[in-house]
Structure formats: structure tokens, C-alpha cells
Amino acid sequence: MSLHLYLKSFETPLGKRGKDGFWREKRDLLDDPARCAELIARYQDGPGEPWFATERADIAGMEAKLGAAEGVEHVVVVGNGGSIRNVWALYRALSERGFARKLHLLDGTDMSGLLGELLRKDGAFSPQNTLVVPVSKSGETENVIQETALLMERGYPALAITSSGPSKLAAMVAEANLEAFPHPDEVGGRFTAAQNNALLPLAMLDGDTALAREIDAAFAAAHEKLGVAAPASGNMAKHLALELWRAEHAGYTEVFMPVYAHALSGAGELIVQLVHESYCKAGGGQTILAAGAPESQHHTNQRYFGGRENVVGLSICVESFGADARLPGGVSCTEFLQMEHAGVVAEAERRGTPHMVLALDSLAVPDVCGLIALWQWAAVYGGLLRGVNPFDQPAVEGSKRATLEMFESFNEETKRSLARFVRDAGCSL
């Protein structure tokens, strides 16, 4: 694992802001392994290490399920949130290595998206070349149930990943005699990058478990370096969590995160979820503004440098890609990308705007897994610093319940309610 957290452009403008007695109290909290373990155990009602760091994927059991993808070209993972966001982050980040099959995410009933393509008779997808993999920890996510049922009606084969115990998805599996594989019962969806629901679809892409084993080992190594036993001075996750908390304490409530690698776009989306869902609670936390770079320099730099002064920067970049080429001027493509990134940092330094840099040596498996593990732990430590439970997501559940209530009682009144955004619009063009 080769990750580097550059803080010189962050530390100087912040200076001593936030470094008061309260800061020292919070730093001491993360430096106390026993206290951290006590809080983690209380919040997750379990051991003093997060479940995601102690539970391991059943890679041996995956071997028996790989045949389900034999002969197909596409694996479509159906789900929402972390249960699918992790597999996408890994798939995109490791795309340089190449995969024998293509992975796709189906995360809603939007007919202008993937679902519409799957249902088109003359489209690229068919029951003969596509395997559907519905993923739901609870087994109760209604759109996953409905999308899977619709695709199965159209003849698509399916293999479900869900937790043990009774649920709608479990009942569907039993009734249709589908193949199934266990979702970890204790690990929350956003923390499942090294779990069955992420590694089985990846294994299916190549028809073996070699990559799954490599990812499993890389996460295990990262957890040792980032866990509660490592003090803040040598623990990048604690260091990152403390600096983000200090920035928030100093009034910086937004984090502009330009990502200088298309392959890490999925990781950027995952980081947003890890932070927002883990410690944006009780009226606190920070907004992560993830954006593809250098394109973001042509729009969001204006917000970063010219808008309200409540934004810190945290750019993510890669030092070396698997392939490179020379531009006509003799500079390599990677070097030019690095110069574009360095220009943003230089402008931040000129203006005195706080800016961190998180650099990966490459897109190798240990570096990519290290990046994700870093943010898993930073999200947990961020919750401990703010005194909130980093493992729950109470505000996420309300809209889910409202949707389910409308679906289960669907009638003419529901239809009228759904039409109100057009019917009762205050202004129309």
C-alpha cells in the first residue's frame, strides 16, 4: 500500500485555528486505543474493531458460484448504496488490468438508463448473454425486488446476494429456486468493499478468484495499519479524520475533492457516501464535493476560489498509470495531468486556501484497496470525533419508508399526488 497525504498546503493557512483545548481532547481520544475500541463496540453493539475489519469474504465458497456466469458477457449488479457502490469503485479503479466480462450497475427503474436497455428486445443485453445479481443486505429493498422480478419475467438468469434470515428477496430466491450467496449480516453496505457482495461479482468477471484473494489480502494489510491500535501520529486514517474535523471546527463545512483519474470516479462516489452517511448527523459533518478533474478546474474552481470561504480542498491523484504517451511537446500525458493538478494547489497556496493532496503511487490493487480502507476508517474516526454513531444512517430510512408506503397503497390518490410537481407548479415554461 503506497498512499501519501500531503498537508503543507493545508496546515499553513489553517495555522492554529481549531488547535485549542478541544482539539487536544479529540486528538487524545484517537490516540487512546482502548477508548476508541470502547466507543466502536458501543456504537455497533459488537467488538471493539469495526465488523468490516474483522469479517472476511468467503472466497472458497465463491468457487462453486462462478459457473453461474459461464458463457455470459455482462454481469448486472442490482442494488443501491454501499452494497453496489463498493463493487463499482473497485471495478472502475482496477480497469487497467482488464476484465473478461463487463460489469454494470442497475440502481433504479429509470427507463432512460440501464433498465430500459435491458428491456429493449434489440439491445445489447439478453437473457443469453447477461447474468443479473441482485444485492440487498436487508432483502427488503423494494426497487431491488421489483427490478429483479421484472428481469426474471423477461427470462434473465439471476443469482442473489442477501443476508441470512427471512426477507422478500430470500422468499423470491426460495420460490424461484435461484442460486444465492450470503451478504455479511453485520457489515453495513457502505463498508463492504472486501465482502462477498463486492468480491463475488468481480470474481465472476474473470471466472476465478485470484483477484478476490488479492483484494482480500490488501484490505487485511490496510486494516492493520489503520486500526485503533495504531496511534494518530502513524495512522493516516486518524490523521485525515483529525484534519477534516479541525477544518470543520474552524468553519470549513465543505470539502472540494477533485479526482485526477477517471478510474477513481467510482471511489470518489464511495467516499461521498462513506462521509455523508457515517458522520453527517446531529447537525454536523461536512459536504464532500467530488468532481472529475481536470474538468472541474473549468467550473468548480470558481466556487472553490471565488465563492464563500468555507471550502477546503482535498485532491486525489495518481503518480503513475499503467500506460503513458508523449505529447508533441515532449511532456508525457501523466506529467501534463500532474501539472494541471499542481496548478490548482499552487493557486490554493497563493490565496491561502487550505488544500490537502492524497496521492496513490499507482492503480495497483494494494493502493486502490488502501484508498478505500483509508476512507472507511476515516469515516469511523470522524464519527467518534463528532460523538455520533458512524455505523447507522437514520436519515436515510425516512424516504425509503415513504416510498414503500406509496407503493404498497398505490391507487388513484397516489397517482394524483405524483402528478403534483407538474400540476401544481408555481411556474412553467
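This briefing covers a charged surface patch and some backbone features. The model is predicted. Four acidic residues form a negative patch on the surface. The backbone has a cis peptide bond at Ala293 to Pro294.

**Surface charge**

- Asp45, Glu55, Asp185 and Glu186 come together on the surface as a patch of negative charge.
- One of these residues, Glu186, sits in the loop that links strand 6 (179-182) to helix 10 (196-206).
- Glu186 has a relative accessible area of 45%. Glu186 therefore counts as partly exposed, because that class runs between the 20% and 50% cut-offs.

**Cis peptide bond**

- The bond from Ala293 to Pro294 is cis, and its omega is near 15°.
- Pro294 belongs to the loop between strand 8 (287-292) and helix 14 (300-306).
- Most peptide bonds are trans.

- Most residues other than glycine have a negative phi.
- Asn177 lies in the loop between helix 9 (168-176) and strand 6.
- The relative accessible area of Asn177 is 70%, so Asn177 is exposed.
- Ala282 is exposed because its relative accessible area is 80%, and exposed means over 50%.

Terms used. Residues are numbered from 1 along each chain as its sequence is written. This is a predicted model: local features need pLDDT of at least 70, side-chain atom pairs count only at pLDDT 80 or more; totals for chains, interfaces and linings use all residues. Side-chain values use heavy atoms; hydrogens and water are left out. Patches are made of residues with over 30% relative accessible area and no salt bridge: like charges are joined within 9 Å, nonpolar side chains (Val, Leu, Ile, Met, Phe, Trp, Tyr) within 5 Å. Accessible areas come from the Shrake-Rupley method with a 1.4 Å probe; for residues, only the protein chains shown count as cover. A salt bridge is a side-chain nitrogen of Lys or Arg within 4 Å of a carboxyl oxygen of Asp or Glu. Lys and Arg count as positive and Asp and Glu as negative; His and the chain ends are not counted. The place of a charge is taken as NZ of Lys, CZ of Arg, CG of Asp or CD of Glu. Helices (H or I, at least four residues) and strands (E, at least two) are DSSP runs, numbered from the N terminus. Buried means under 20% relative accessible area, exposed over 50%, partly exposed in between (1.4 Å probe, protein chains only).
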